[in-house]
Amino acid sequence: MTTYIIRRLLYTIPIVFGVLLLTFVLFTLVGGDISIEIAGKNATPDTIAEIRAEYGLDKPLFLSWDSQFINHFKNAFTFDFGRARDRELVVDKIKRGVGPSLALTVPMFFGVIIISVSLALVIAFVQGSMWDVLAVFICVAGMSIPYLSFILFGQYFLAYKLGLFPVFFSPDLPTAQYVALPVLIGIVSGLGGNLRFYRTVMLDEMRSDYVRTAFAKGLSTRRVLFKHVLKNAMIPIITRVVLAIPFLFLGSLLLERFFGIPGLGYLMIEAIGSRDYFVINAMTYISAILFVVFNVITDICYGLVDPRVSFE
Amino acid sequence: MVGNGTLLSVENVSTHFFSEEGVTRAVQDVSFSIQKGKTFALVGESGCGKSVTALSIMRLVPAPGGKIVGGQIVFEGENLSALSEKQMRDVRGNKIAMIFQEPMTSLNPVYTVGNQIVEAIRLHQKKSTGRAWADAAEMLRKVGIADPDRRVREYPHQMSGGMRQRVMIAMAVSCEPTLLIADEPTTALDVTIQAQILDLLDELQKQNGMSILLITHDLGVVAERADDVAVMYASRIAEVADSRPLFAEPLHPYTQGLLKSLPRLGLSDKRLRTIPGTVPEPLHFPGGCKFHPRCPIGFDDKRCQTIEPELREVRPGRRVGCWYAPGYETKEEFKEYESKYGEHKSVPAEC
Amino acid sequence: MGWWTRGSHLSEHRKILKTEQPKGRSLWKDGVRRLRRRKLAMVCLAVVVLYFLLAGFLYLAELFDWQVGPIRWQQEVGKSYQPPSRENIFGTDIFGQSVLRKTLYGAKISMTVALCASFISLAIGVPLGAIAGYSRGVVDEIIVWVYSTLSSIPYILLILAFAVVLRDKTLFGYKLTGITSVYLAIGLTSWVGICRLIRGEVIKHKNREYVLAAKSYGSSGRRIIFKHLMPNVFHLVIIDFSLRFVAFIHAEVILSFLGLGEATRPSWGAMINDARIELSRGVWWQMAAATVAIFFISLALNIFGDALRDSLDPKLRIQ
């Protein structure tokens with residue numbers, strides 16, 4: 001099993017390389033020299049030169065040991081992301097933002113999974129009935145409403161109008177309070193798509209031959225669902241769930257922006273607005289690493305649940 | 001045909017599927033009975049409704065859309081159609097068991113073989129887990145799997161097709177059912193394994209005295225193993241008889257065509273014979289007798305085109321559904337035909 | 001024996017086959033037939049077509065300078081922030097412009113973006129997927145590496161990154177306006193899904209008998225891909241297209257909302273962005289209009305896409 005893990009991790013290296021290459025192309029080649037922008041309108045050529053030196057933008061692109069290309073990779077491996085536009089260390093910004101983001105996304109994550117999987121089981125039970133059709137319709141309708149509207153509506157109605165929740169983040173509020181409404185909105189808007197997926201998985205399994213055999217043995221629908229279908233359905237469910245974990249760190253871009261929660265998502269939005277390539281670059285790199293690592297973890301979980309998979 | 005030795009009696013059962021495309025009449029007005037301790041074969045081409053008939057007996061017709069719309073099924077004197085779902089669950093796997101065609105997909109891949117057999121045992125019999133596992137291993141030994149104590153903890157994908165089918169059989173007979181329904185049990189297996197599996201079924205039948213409903217499209221298997229036969233075509237029974245007489249003298253043109261198309265050594269025909277045309281789609285069944293478009297006598301016969309012949313007992317122990325089967329037509333019907341359509345077709349002498 | 005008289009079965013065949021002949025049906029005809037039966041799906045298709053027609057009409061109107069309502073969205077039709085009334089069904093915005101006109105115009109933007117993005121992602125994804133699946137070997141490895149790389153970055157992040165970078169840049173001497181950068185960003189990042197799909201299908205089909213047969217009588221690789229493989233995987237392309245279209249519309253809305261899209265002309269995302277401030281003043285109609293517009297096209301596409309998938313699924317066919 002260790003050889004399998006090592007082999008899989010080795011395979012992630014070309015991917016990470018690819019991501020670094022992509023970010024280099026995007027932010028350095030296509031993005032161009034932004035030292036002028038950083039310097040501002042009335043900057044003197046000296047200031048611009050200083051800035052260029054500081055950010056390493058005066059180095060040759062490719063052809064030297066100290067080229068931007070090499071440095072890009074070197075910095076990535078040492079997690080040295082330099083400074084953002086506002087001169088703060090990118091690493092510090094990220095450290096600050098992780099806490100609030102996780103406070104938001106982790107409850108959302110668990111909420112959506114628990115509710116969706118349970119509801120999916122219930123729906124598999126009443127398959128074909130009116131409730132099933134209604135549930136599907138609600139899911140599709142939920143998926144068709146733009147995410148933005150969910151957030152706006154929730155914020156306006158539940159916080160502003162009804163005053164049930166604080167409208168905005170403020171540093172003196174306890175975490176649970178300012179996170180409550182965004183989490184609620186996140187769960188409700190995310191239910192549609194997830195429930196639909198889990199429902200499809202359950203129903204597909206219900207149509208399998210082994211379910212027919214189980215019924216032929218005289219098992220009740222409840223037994224068949226909870227024992228036979230669930231374990232098989234776990235395989236695609238786990239894949240989807242584990243792969244969603246890396247996204248938890250990114251925070252929810254839009255929710256944070258709307259509610260002013262100072263997490264990584266908010267950081268991203270600010271960076272987009274101010275064209276802060278350094279921050280965007282760092283975030284992209286980190287997300288990619290998390291993603292490939294969790295891909296490997298997914299494979300391992302897969303192998304633990306499905307006896308057909310061998311780690312050869 | 002319903003006597004004291006009757007275990008299962010299927011009476012005028014019809015099963016339809018309702019979908020947005022329309023109604024699929026998969027099984028129409030099917031009747032036959034299975035005697036205790038005997039093997040009854042239900043033969044027909046793919047799509048004729050034999051599997052749906054079997055599922056109807058178990059009341060396992062696929063739920064969205066499928067429904068038994070008529071008739072009744074009497075098992076050991078009890079009307080299965082009148083049982084509640086809970087009572088039916090006590091029958092399934094316990095008194096009537098079923099094995100399916102694809103052993104690979106019919107077993108749950110994420111549980112061990114033993115786990116699945118134990119599940120069946122503990123569901124219907126009050127046994128401790130330890131006893132149940134011992135019984136499971138014993139069942140594996142009974143169905144001819146070597147080293148059963150090791151095998152019992154293996155997963156389905158670790159076994160060959162033939163072994164998996166043996167596991168299915170072990171699971172099915174673990175509670176000693178009186179009726180075993182085998183839906184094309186050997187179709188997905190190699191020819192050499194087929195014979196072994198069928199021998200195993202014979203063996204178990206002798207030991208337990210159970211009846212077998214064997215569903216197949218292979219006439220060779222029917223000839224060797226079945227006591228009684230029913231031939232199905234396009235949702236209906238064409239002919240029912242004891243095995244030997246059916247093969248010696250088939251009365252329905254479809255059966256005749258099937259037997260004629262079996263390749264045989266020694267015959268001087270250069271071509272393989274076939275029944276022309278193809279099996280009709282359930283949504284577009286022809287009017288009248290379902291077989292008439294492909295029948296040498298019925299394709300241009302006005303009566304065959306319009307009126308469906310019901311099953312009638314033309315001789316003791318033989319039922320057919322064909323206007324031109326010897327002994328089928330009553331004198332009134334003969335006269336009615338002549339007055340309506342003119343000259344009656346002659347029933348040819350045997351070949 | 002019996003009815004089958006000796007030696008004459010050929011003439012029997014001929015006689016019999018003349019009477020009834022089952023008709024074969026291609027997957028397409030069968031699928032379309034089944035699709036037509038679903039009333040709901042047909043209604044949804046009508047809605048989708050309606051949106052497209054509206055967008056197309058507005059596009060032409062702008063091109064030929066026809067002065068129809070939605071084109072003149074800038075015109076002041078009333079006082080600012082008028083609630084919905086008989087003159088202005090959706091009310092007015094801060095400038096007194098008709099929200100109805102803005103909503104209709106927004107349709108043009110959204111549909112255009114989604115369409116362009118779809119073409120870009122299909123134009124990249126389908127050929128790459130087919131080539132990767134068919135050639136295997138080094139070419140395949142490279143293509144898989146490219147799309148694995150792209151898919152390790154979260155979708156939103158990727159699109160935002162592209163959109164930010166491409167904005168106001170010149171590509172081959174052509175200046176990228178806001179909206180162009182949006183659909184380039186979406187298109188260049190969304191081809192991965194369809195590429196994977198096509199590649200998987202091609203790999204599956206590559207070893208099927210009909211391909212081996214084609215090879216055996218000397219078909220070239222390209223011919224095999226286009227004539228034999230493509231028709232068999234094309235239905236997946238259609239289904240993917242219809243479902244992805246919704247995602248593209250939503251992506252455009254988010255990008256416009258964040259200010260990365262069209263700045264000078266009304267779009268649904270911009271309208272929702274305005275609503276952020278407006279709501280606190282009790283002005284709800286701009287957001288409502290945009291939401292409703294997005295909702296119906298998304299719903300219609302989702303339902304139609306599902307119906308399409310069910311109808312074209314070979315496993316659910318009668319035969």
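**View 1. Strands β1 and β4 of chain B pair antiparallel through eight bridges.** Strand β1 of chain B covers residues 6-19, and strand β4 of chain B covers residues 66-75. Helices and strands here are DSSP runs, H or I over at least four residues for helices and E over at least two for strands, numbered from the N terminus. Two strands count as paired if DSSP finds at least two bridges between them. Phe17(B) stands opposite Gly66(B) in β4(B). The model is predicted: local features need pLDDT of at least 70, side-chain atom pairs count only at pLDDT 80 or more, and totals for chains, interfaces and linings use all residues. Residues are numbered from 1 along each chain as its sequence is written, while chains are lettered from A and ligands numbered from 1 in the order in which they are written.

View 2. Strand β5 of chain B spans residues 78-79. It runs antiparallel to β4(B), joined by two bridges. Phe75(B) has Glu78(B) in β5(B) as its bridge partner.

**View 3. Eight strands of chain B form an open sheet with mixed pairing.** The order is β6-β7-β8-β3-β9-β10-β12-β11. At the edges stand β6 (96-99) and β11 (312-315) of chain B, each pairing on one side only. Neighbouring strands are turned by 20 degrees against each other on average, direction ignored. Helix α7 (residues 161-173) of chain B packs on this sheet, touching β6 and β7 (179-183) of chain B. The direction of α7 makes about 170 degrees with that of β6(B). Axes are lines fitted to C-alpha atoms, for helices over the stretch in contact, and angles run from 0 to 180 degrees between N-to-C directions. Contact means C-beta atoms, placed from the backbone, within 7 Å.

**View 4. Strand β10 of chain B pairs with β9(B) and with β12(B).** Six antiparallel bridges connect β10(B) to strand β9 (residues 228-233) of chain B. Asp228(B) stands opposite Asp242(B) in β10(B). These two strands form a hairpin with two residues between them. Ala234(B), in the turn, has a positive phi of about 45 degrees. Strand β10 (residues 236-242) also pairs with strand β12 (residues 318-320) of chain B, antiparallel over two bridges. Here Val240(B) partners Arg319(B), and Glu239(B) partners Val320(B). Six of the seven residues of β10(B) are buried, that is, 20 or more other C-beta atoms lie within 10 Å of their own, with C-beta atoms placed from the backbone.

**View 5. Chain B meets chain A.** The contact takes 24 residues from chain B and 19 residues from chain A. On the chain B side, the elements giving two or more residues are α2 (85-91), α3 (103-106) and α4 (113-124). The largest share, four residues, comes from α4(B). By class, this side has twelve nonpolar, seven polar and five charged residues. Ala, Val, Leu, Ile, Met, Phe, Trp, Tyr, Cys and Pro count as nonpolar, Asp, Glu, Lys and Arg as charged, and the others, Gly among them, as polar.

**View 6. Chain A holds 14 helices and zero strands.** Its C-alpha trace spans about 85 × 60 × 30 Å along its principal axes. Buried residues make up 37% of the 312 residues in chain A. Among contacts in chain A between residues at least 6 apart in sequence, 70% join residues at least 24 apart.

How values were computed: Contact = placed C-beta atoms within 7 Å. Buried ≥ 20, exposed ≤ 12 C-beta atoms within 10 Å, placed from the backbone.
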